Amino acid sequence: MENNTTLLQLKNNSWLLPGPTNLGLITASDSVFLVDSGNDKEAGRRILKILREKDWKLKAIINTHSNADHIGGNDYLQKTTGCEIWAAKTESAFIETPKLEGGFLWGGYPFRELGSKFFEAKPSTVTRIIREGETTDDTEGALRFVHLPGHFMDMMGVMTADGVFYAGDCIFGEHILAKYAIPFIYDVNAFKKTLAKLPTLGSTLGAELYVPSHGAPVSDIRALVEANLAAVSAVETWLLDLLSDMLTFEDILEKFCLAFRIRLDYAQYVLVGSTIRSFLSYLYNEGKIHYVFDGNKMRWKT
């Protein structure tokens, strides 16, 4: 999706600002709630321009999770408007101390490129910790916060009274799957469980439209769920076939990139590498692979 300021009205009080990261706006009688804030200060400026054109007052940013492309506009908007920021507990630690993300992905003190805006947003202050199943009636009809773990540690979706489900990164558009083979995943088991329950969960909550952060809104989520589960399954199957031989992580990453036509740079190295590690942990915890130390190298095998 293009970076633009074309605001789309999805339902009465539920809006979408399409972009590399889709942003939601939910209007109330005298204020508006923003679902995520984009990847940088410029995204914040685009949002502020729309707010001023509409004469909307920003009440709060609801961050689905703490990745930099979802919180990059927080600092600018909070300083400019004085808005609140709402997030889940674990995500709030990364929002207030964004350097944690680079260290988390690298597994040590981050090298300087991991301090770029792609990984490290400017810090902002979380004013409310949101929890699974909580609601708020500050809008025209209550918002409900829905726990959607897997992609990141403590991700939340936002369900509106209009039947619009802002689903964060619990599911990805098919163009993302085609481009990257597999999206970033922190917890493979939780990611699969979240996907599997999404159609029933959405139906129970009364969802009429699902809005992924990276993908077009859809009224029926089932086909996209199957596409995401198929992408996960393809990686699982490939790894289990590959690990009939005993290989190190670096061996596995190299062969994965060749097989799935991924060209690594520093950003893809940490993102794809972290995801492969998550798959190894998942397969090990499921009893499908094991590891040994040989010549001071950790090697994996079925």
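## Salt bridges

The side chains of Lys11 and Glu208 meet in a salt bridge with an N to O distance of 2.5 Å; the term denotes a side-chain nitrogen of Lys or Arg within 4 Å of a carboxyl oxygen of Asp or Glu. Lys11 lies in the loop between strand S1 (8-9) and strand S2 (14-17), and Glu208 in the loop between helix H7 (188-205) and strand S12 (209-212), so the pair ties together parts that are 197 residues apart in sequence. Helices (H or I, at least four residues) and strands (E, at least two) are DSSP runs, numbered from the N terminus. Lys11 is partly exposed at 26% relative accessible area, as is Glu208 at 48%; buried means under 20%, exposed over 50%, and partly exposed in between (1.4 Å probe, protein chains only).

This is a predicted model, in which local features need pLDDT of at least 70 and side-chain atom pairs count only at pLDDT 80 or more, while totals for chains, interfaces and linings use all residues. Residues are numbered from 1 along each chain as its sequence is written, and side-chain values use heavy atoms, with hydrogens and water left out.

The salt-bridge count comes to 11. Among them is the pair of Glu120 and Lys99, with closest N and O atoms 3.9 Å apart. Glu120 lies in the loop between H5 and S7 and Lys99 in helix H5, so this bridge ties together parts that are 21 residues apart in sequence. Another salt bridge joins Arg222 to Asp220, at 2.6 Å between the closest N and O atoms. Arg222 is exposed, with a relative accessible area of 53%, whereas Asp220 is partly exposed at 38%.

## Aromatic pairs

The structure holds 22 aromatic pairs. Rings of Phe, Tyr and Trp (its six-membered ring) pair if their centres lie within 6.5 Å; planes under 30 degrees apart count as stacked, over 60 as edge-to-face and the rest as tilted. One of the pairs, Phe104 with Phe152, is edge-to-face, at 5.6 Å centre to centre and 90° between the planes. It links distant parts of the chain, 48 residues apart: Phe104 is in helix H5 (residues 99-106), and Phe152 in the loop between strand S9 (143-147) and strand S10 (156-159). Phe104 is partly exposed at 25% relative accessibility, whereas Phe152 is buried at 1%.

Phe119 and Tyr266 form a tilted pair, with 6.1 Å centre to centre and 55° between the planes. Phe119 in the loop between H5 and strand S7 (128-129) and Tyr266 in helix H10 (residues 266-285) are 147 residues apart.

## Helix H10 and Tyr282

Tyr282 is found in helix H10 and is buried, with a relative accessible area of 8%. Not counting residues up to four places away in sequence, Tyr282 touches Val188, Asn189, Lys192 and Glu236, where contact means heavy atoms within 4.5 Å. The C-alpha atoms of Tyr282 and Glu236 are separated by 9.5 Å, and the two residues are 46 apart along the chain.

## Overall architecture

The protein chain has 10 helices and 15 strands. Its radius of gyration, 20 Å, is close to the 19 Å that the globule rule gives for 302 residues, so the chain is as compact as a globular protein of that length. The radius is taken over C-alpha atoms, and the rule is 2.2 Å times the number of residues to the power 0.38. Buried residues make up 53% of the 302 residues.
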